[in-house]
Amino acid sequence: MATPTKLRSIYRAFLRELPSRPLSEKSRSPLQARIRSTIASESRTPIEQAEQFLQYVKAQRMYATLLERYNPGMGMDEEERVRLTARRVGMDLPEEFLSGGSGESSGSGSKAE
């Protein structure tokens, strides 16, 4: 049987892994309320199961952190990703021509004559 101190420390560890919120009863997320009710219930949830779920939550948070760190361009559109990739290797993308295309025709015509 789990001691109240052990259950309290597991509950606090769960709260540290979840996004922080103000400490009022109304602002508790449904997940926080569910964890609290499960730990406080008389059903005697196995302490090993609670610790295993806590390890899973920690691993998910670490996975999200590492994914964000090593894939910084995930939230970017394709043009921005290409521009930053070119800058990473020391190049700048050329400026695109305007839709009129006036600069392109005058340059090629004068060289041919």
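**Reading helices and salt bridges**

Tutor: In α3 of this predicted model, the residues I47, A50, L54 and V57 are buried. An α-helix has 3.6 residues a turn, so residues three or four places apart point the same way.

Student: Against which helix do the buried residues of α3 pack?

Tutor: The partner of those buried α3 residues is α1. As for its dimensions, α3 comprises 24 residues and spans 35 Å from its first C-alpha to its last, close to the 34 Å expected at 1.5 Å a residue.

Student: How is the packing of two helices described?

Tutor: Two packed helices are described by the angle between their axes and the distance between the axes. Here, helix α1 (residues 4–17) and helix α2 (residues 30–40) pack at an angle of about 170 degrees, and their axes lie 11 Å apart. Since angles over 145 degrees count as roughly antiparallel, α1 is therefore roughly antiparallel to α2.

Student: Which residues make the contact of α1 with α2?

Tutor: On the α1 side they are L7, I10, Y11, F14 and L15, while α2 contributes Q32, I35, R36 and I39. Sorted by class, this contact has 7 nonpolar, 1 polar and 1 charged residues.

Student: Let us turn to charged pairs. How many salt bridges does the structure hold?

Tutor: Side chains of opposite charge can pair when their charged atoms come close. The structure holds 5 salt bridges. One of them joins the side chains of E17 and R61, at 2.5 Å from N to O. E17 belongs to helix α1 and R61 to helix α3 (residues 47–70), so this pair ties together parts that are 44 residues apart in sequence.

Student: Is E17 buried or exposed?

Tutor: E17 is buried, its relative accessible area being 16%, which falls under the 20% cut-off. R61, at 40% relative accessibility, counts as partly exposed.

Student: Where in the structure do E80 and R83 lie?

Tutor: Both lie in helix α4 (residues 78–88), 3 residues apart, so about one helical turn separates E80 from R83. Their side chains meet in a salt bridge of 2.7 Å, N to O. E80 is partly exposed, with a relative accessible area of 28%, and R83 is likewise partly exposed, with 31%.

Student: With which residue does D92 form a salt bridge?

Tutor: The partner of D92 is R87, and the closest N and O atoms of this pair are 3.9 Å apart. Both D92 and R87 are exposed.

Note on methods:
Residues are numbered from 1 along each chain as its sequence is written. This is a predicted model: local features need pLDDT of at least 70, side-chain atom pairs count only at pLDDT 80 or more; totals for chains, interfaces and linings use all residues. Side-chain values use heavy atoms; hydrogens and water are left out. Axes are lines fitted to C-alpha atoms, for helices over the stretch in contact, and angles run from 0 to 180 degrees between N-to-C directions. Helices (H or I, at least four residues) and strands (E, at least two) are DSSP runs, numbered from the N terminus. Angles under 35 degrees count as roughly parallel, over 145 as roughly antiparallel, 65 to 115 as roughly perpendicular and the rest as oblique. Contact means heavy atoms within 4.5 Å. Ala, Val, Leu, Ile, Met, Phe, Trp, Tyr, Cys and Pro count as nonpolar, Asp, Glu, Lys and Arg as charged, and the others, Gly among them, as polar. A salt bridge is a side-chain nitrogen of Lys or Arg within 4 Å of a carboxyl oxygen of Asp or Glu. Buried means under 20% relative accessible area, exposed over 50%, partly exposed in between (1.4 Å probe, protein chains only). The expected span of a helix is 1.5 Å times one less than its number of residues.
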